[in-house]
Amino acid sequence: MKDGSSRRRARRIAIGAAVVLALAGMNGPALYRFGTDQYHEYKINKPEYKAANGKWDIVEFPEEYRLNTIHAALLHTGKILLIAGSGNNQDNFDAKKFDTRVWDPVKKTIKKVPTPADLFCTGHTQLPNGNLLIAGGTKRYEKLKGDITKAGGLMVVHNENPDKPITLPAGTRFTGKEGGKTFVSKDPVVVERAKKVFDPDTGKFLRNEPGLGRIYVEAQKSGKKYETGTQDNYRVQGLSGAEARNTYGIAEKLALDKKDFQGIKDAYEFDPVAEKYIKVDPMNEARWYPTLTTLSDGKILSLSGLDEIGQLVPGKNEVYDPKTKKWTYTKGVRQFPTYPAISLMQNGKLFYSGANAGYGPDDVGRDPGIWDLKTNKFNKLKGMSDPKLLETAGTVLLPPAQDEKYMVIGGGGVGESERSSKKTRIIDLLADDPKFVDGPELEKGTRYPQYSILPNDDVLVSGGSEDYRGRGASNILQARMYDSKSNDFKRVADPLVGRNYHSGSILLPDGRVMFFGSDSLYADKANTKPGKFEQRVEIYTPPYLYQGSRPSLSGGPKTIERGGSGTFTSQHASSIKTARLIRPSASTHVTDVDQRSIALDFTKTKDGIEVTVPKSRNLVESGWYMLFVTDDQGTPSKAQWVKVP
């Protein structure tokens, strides 16, 4: 005999069944969708599905710790540095509210870090001592044409005095000789002294070549009538005598046109142990959207970016010395679009894939090639398909790094173009005559792909959007594994969160991959609802972590010299098939030139393995690495951190 609670439970079930049947009659498709969603959730959590496709999980920080992550880097402490700066939010910029967080994905802790400047759209790279070099950022947000009330633009100040430079303070007034209109400088400017030019054959003095300074100026008053229509020479108010004769300005049209972002010269090292920024000497050039790349001598090249007046830096590239903490210009001039994908080759030259992330003329510095920094010679490379669709493309050094094969993934047209490419292009830089050839295609044209090298030599490619900043609800909720041996893609589990502009991915020491950011322009297909910055972090667990136990790896030295060896303990030495040193990522704006996976020779010992680090400094740059071993099933160990001095 049933008790009362059993009868009530049976009655509730019967009523529930009747309601379901009634609803089914009224709204069958809705119930079908509900059932489909539940079945999908059931299917993607089945062990066999995860073993074949992996699994995605969303991480939501407590509200007070959420931020608009623009930049992310893996620190050798195993924590993640998340940098927003002002986070593409001008209200934050105006309030000097700049954000940085340090997140521990293992202990699940997150810490706020004081941020000294607006490091929104900065450049960064790993340093030999384990610090992160961070250079550039935002001095001023862009202004769209309709938001500008005062005519303004670039004033080039000339100094014809060969004896000394001249400094003009902020607020200096420039009055046109032809138009009579006055413009005011926004910042101080130092104009170097004129250079004396002599005849190389006779030694006879020919002329003084004026020193130049560049400054942003605005009209004194608002309104279209204060625009200028053409180039004019400008008298500098407040100067007299020889200074007034020697110092003058020249400006092209000063108008109510759109004004681009402006960069800063500030540079910092982030100390992962102290978890704080350390100010170092500023760059010679202000840079917004720069790329930082390690050179063969361990110094760091900083190139491209928008300068302090919003112009593309005119080919002046410079190098940071981690020992002296100072910057010096490189020889020669070479101009690239912003965030160019430029990597160190094993011969000491630099490979430029042609991929970049945003600003610059469509006919300047966009051809892929090999750059010899010492001679400033640049040899163009052939075979690139969709060559006009390389903005917002990804570039990855395919594993192992010794093979020196690169893949260029997707991309789109210059600026706010709606065009995008399905192509992947592969180049073997060790070939006698390197040329790009097409690799496997993506299903959709893809801007802003995220890409991470995995310990088993696969490359995870995920996300992006078909249109500029996800317009038209064009985010791509797909992920693929690229097998560098078979040169093929395999579709894996779909991500849960759309990612486009201001997004990226980071390989974690436990073999999972973290995804951050996304800054959609609109949130709907009709492009009427403004987008909202994606603050959720997503973690992808690859299939190899659902295929049984993983090989152990422990002990061993914390430092191994190039050409040297280190012995590590493993209970599964007999099954180990590969060993890899993987450099930790520093990712932003589809750019991660730090990422590389280096194959290590190894021998098996009684209790583990002995690995040997290659001798080449250009292959194995100084710094911290994750050491992974992978077994005969393709399952990696957890990483051991190793420093190569």
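Start by selecting Tyr234, which is buried at a relative accessible area of 0%; buried means under 20% relative accessible area, exposed over 50% and partly exposed in between, with a 1.4 Å probe and protein chains only. The model is predicted: local features need pLDDT of at least 70 and side-chain atom pairs count only at pLDDT 80 or more, while totals for chains, interfaces and linings use all residues. Residues are numbered from 1 along each chain as its sequence is written, and side-chain values use heavy atoms, with hydrogens and water left out.

**Confidence**

Colour the model by pLDDT, the predictor's confidence in each residue, from 0 to 100. The average for the protein is 93, and 95% of the residues score at least 70. Now select residues 1-27, where the pLDDT is below 50. Beyond near neighbours in sequence, this stretch has six contacts in the model; contact means heavy atoms within 4.5 Å. Where pLDDT is low, the predicted coordinates should not be read in detail.

**Aromatic pairs**

The structure holds 25 aromatic pairs. Rings of Phe, Tyr and Trp (its six-membered ring) pair if their centres lie within 6.5 Å; planes under 30 degrees apart count as stacked, over 60 as edge-to-face and the rest as tilted. Phe183 lies in strand β12 (residues 182-185) and Tyr234 in strand β17 (residues 232-236), so the pair ties together parts that are 51 residues apart in sequence. Strands (E, at least two residues) and helices (H or I, at least four) are DSSP runs, numbered from the N terminus. Phe183 is buried, with a relative accessibility of 0%.

Next select Phe351 and Phe436, a tilted pair with 6.4 Å centre to centre and 35° between the planes. Because Phe351 belongs to strand β27 (residues 350-352) and Phe436 to strand β33 (residues 436-438), this pair ties together parts that are 85 residues apart in sequence. Phe351 is buried at 0% relative accessible area, and Phe436 is buried at 4%.

For a cluster linked by ring pairs, select Phe93, Phe120, Tyr141, Phe261, Trp288, Tyr289, Tyr339 and Tyr359.

**Glu391**

Go to the loop between β29 (377-380) and β30 (394-397), where Glu391 lies. Is Glu391 buried or exposed? Glu391 is buried, with a relative accessible area of 3%. Its side chain makes a polar contact with the side chain of Arg366 at 3.1 Å. A polar contact is a pair of N or O atoms within 3.5 Å; within protein, one must be able to donate a hydrogen and the other to accept it, and residues adjacent in sequence count only if both atoms are side-chain atoms. Leaving aside neighbours within four places in sequence, Glu391 is in contact with residues including Asn356, Gly412, Val414 and Arg447.

**A sheet and a hairpin**

Select β34 to β37, an open sheet of four strands in the order β34-β35-β36-β37, with antiparallel pairing; two strands pair if DSSP finds at least two bridges between them. The edge strands are β34 (450-453) and β37 (488-492), each with a single partner strand, so one side of each is left without a neighbour in the sheet. Within the sheet, β35 (residues 458-462) and β36 (residues 479-483) pair over five bridges. Leu460 has Met481 in β36 as its bridge partner.

Finish at β45 (residues 601-604) and β46 (residues 608-612), an antiparallel pair with four bridges. A hairpin of three residues joins β45 to β46, and Asp601 stands opposite Thr612 in β46.
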